[in-house]
Protein chains: 2
Amino acid sequence: MAKIRSSADEAFLAEYDPRAFPPVAVTADVVALTIRDGQLCVLLVRRARPPEAGLWALPGSFLRTEGAEPETLENAAARALAVKTGLTGLRAAGIHLEQLRTYGDPGRDPRMAVVSVAYVAFAPALPEPAAGTGVAQAAWLPVSTLGLPEPGLPEGATVPETTLAFDHARIVADAVERARSKIEYTALAAAFAGPQFTLAGLRRVYEAVWSIELHASNFARKVLASPGFVEPAGSLETSSARGGRPAELYRAGAGTLLQPAILRPRRAKS
Amino acid sequence: MAKIRSSADEAFLAEYDPRAFPPVAVTADVVALTIRDGQLCVLLVRRARPPEAGLWALPGSFLRTEGAEPETLENAAARALAVKTGLTGLRAAGIHLEQLRTYGDPGRDPRMAVVSVAYVAFAPALPEPAAGTGVAQAAWLPVSTLGLPEPGLPEGATVPETTLAFDHARIVADAVERARSKIEYTALAAAFAGPQFTLAGLRRVYEAVWSIELHASNFARKVLASPGFVEPAGSLETSSARGGRPAELYRAGAGTLLQPAILRPRRAKS
DNA sequence: GGAATAGTGTCTGTCAGACAGTATCGC
DNA sequence: GCGATACTGTCTGACAGACACTATTCC
């Protein structure tokens, strides 16, 4: 461990022996998002132990760097999901997992300096999670009930009081903003909608993520005008809810980038 | 330091004592970008010591987590620029510094597990850098000479052979892509152009970052149609290079988000 | 038939690309 | 005058928003 050294020694040694520096813990935290009952939900775990025991938090895990097989940050994120919530095989199932950003403000964890690399996972309706290691409870919670701060807070900004542990409310807010932006220009929304869906179902995904209502006809026109986004499944929806013409069923197309994009309405008229 | 423990003990302790885990070094690395002689350039340092001695690398610094004032990742990035290249006061000068992403693949540093949080800085023409601690040389190098890989490589992907140390070529590629995307919908390009500039000068910034040619007339129309992007400085350029009507001078406007955006041409016509 | 939902057609406004034409300099 | 650069005007096509209209179901 680090002895007391002069500042000059420290700067010199930095190039040669990173172990001379005070330790930092690195975690991978996952913001798993899905749509349930028309609401955008995030997968949270209730912490069983201090610090922040009893509060909802993101599933996370410390990065394993030694041993037979050191892991990538992305693998640590997938492992955190499996260990904390019982959701396994996400990578094999093709669930999209991407890096969000990294949070390392001093004091964000009372134990020591902790740098958290946050990941976002986008998933269609998944099974109920199970409480894993160190977890009292695991559940999908609607993001609208969490009182999230504005996304994009600068580093060092004080995070408003919330019901989530550490600075996880801020991380969830950034993840939701990523999802809102990502469904504009990628075919990601189809991943939320499941194997087969109607245009109305896909529209409800956009409406849930963006928290707005969309014009059904214009939406359908734009989706069908984006080659590779959806392709007809060849059958009709069975027994629509409260009458009405049955909708055609679609499945996700081969494309990943939408051209043209499905842009959300921009306010900001001068 | 960590003793040998069973896997179950390890998982249990993870919640209580992060120090029981093997140490990870965290660095903040900076990709500083600027335009020099019509070329997009990145600030690199030639490493004076092993590992990778003699190779060009990004200026970086290990995160300080203990002592009187633990620092944020962003402050560590600014400190790295100052210590390694002598460029100080960037934050005070309003230089834009934003987090890019985090790189933590096992084996990316031969010494130990190193997680690097990369930052991007966008700057107008800056003074020549000076070689700092552990650095043999510091210089602005055109990105076109570096043989960068495609941006957006997934985690764990093997980085092609380059002239840069570690996986820094990949980081620079991601930073350039960020800059290319960022000048579309923010007024960032004005930051490259300096305090006063002509529309042609601003256009050359876009052309350098995007590596394409733009139609001068359409470009001017789009820039002037984006409120808050530029405002006339009230004077004309003095002594244009090879004759021709002198161009009007502009300065950066108050806006930061461009509405409408200055979109780069999309190829991808079916 | 009436209500409800699905889907099509059309009009209008915004913006990008192309390009012709005008303005103003150095030589 | 001539070339070079700066800037303006106009046409066309792509796309978004609004909305009228038709189609098909349940009640």
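Which protein side chain places an N or O atom 3.0 Å from a phosphate oxygen of DNA strand D? In this predicted model, that side chain belongs to Lys222(A), a polar contact (a pair of N or O atoms within 3.5 Å). Residues are numbered from 1 along each chain as its sequence is written, and chains are lettered from A and ligands numbered from 1 in the order in which they are written. Because the model is predicted, local features need pLDDT of at least 70 and side-chain atom pairs count only at pLDDT 80 or more, while totals for chains, interfaces and linings use all residues; side-chain values use heavy atoms, with hydrogens and water left out.

Bases of DNA strand D are contacted as well. A side-chain N or O atom of Arg221(A) is placed 3.1 Å from a base nitrogen of DNA strand D, and a polar backbone atom of Arg245(B) is 3.3 Å from a base oxygen. Sugar or phosphate accounts for 56% of the atoms of DNA strand D within 4 Å of the protein, and bases for the rest.

Around DNA strand D there are 21 residues, of which His215(A), Ser217(A), Asn218(A), Gly244(A) and Glu248(B) come nearest; a residue is near the strand if one of its heavy atoms lies within 4 Å of it. This surface divides into 6 nonpolar, 8 polar and 7 charged residues, where Ala, Val, Leu, Ile, Met, Phe, Trp, Tyr, Cys and Pro count as nonpolar, Asp, Glu, Lys and Arg as charged, and the others, Gly among them, as polar. Helix H6 (216-224) of chain A and helix H6 (216-224) of chain B each supply at least two of its residues, and the largest share, 4 residues, comes from H6(A). Helices (H or I, at least four residues) and strands (E, at least two) are DSSP runs, numbered from the N terminus.

In chain A, three strands form an open antiparallel sheet in the order E8-E10-E9, pairing requiring at least two DSSP bridges between two strands. Strands E8 (197-198) and E9 (230-236) are the edges, each pairing on one side only. E8(A) is joined to E10(A) (residues 248-252) by 2 bridges, and Phe197(A) stands opposite Tyr250(A).

Helix H5(A) comprises residues 199-210. Of its 12 residues, 9 are buried, so the helix is largely enclosed by the rest of the structure; buried means under 20% relative accessible area, exposed over 50%, and partly exposed in between (1.4 Å probe, protein chains only). Among the buried residues are Arg203(A), Glu207(A) and Trp210(A). Just after H5(A), Ser211(A) takes a positive phi of about 60 degrees.

How values were computed. The expected span of a helix is 1.5 Å times one less than its number of residues. A polar contact is a pair of N or O atoms within 3.5 Å; within protein, one must be able to donate a hydrogen and the other to accept it, and residues adjacent in sequence count only if both atoms are side-chain atoms.
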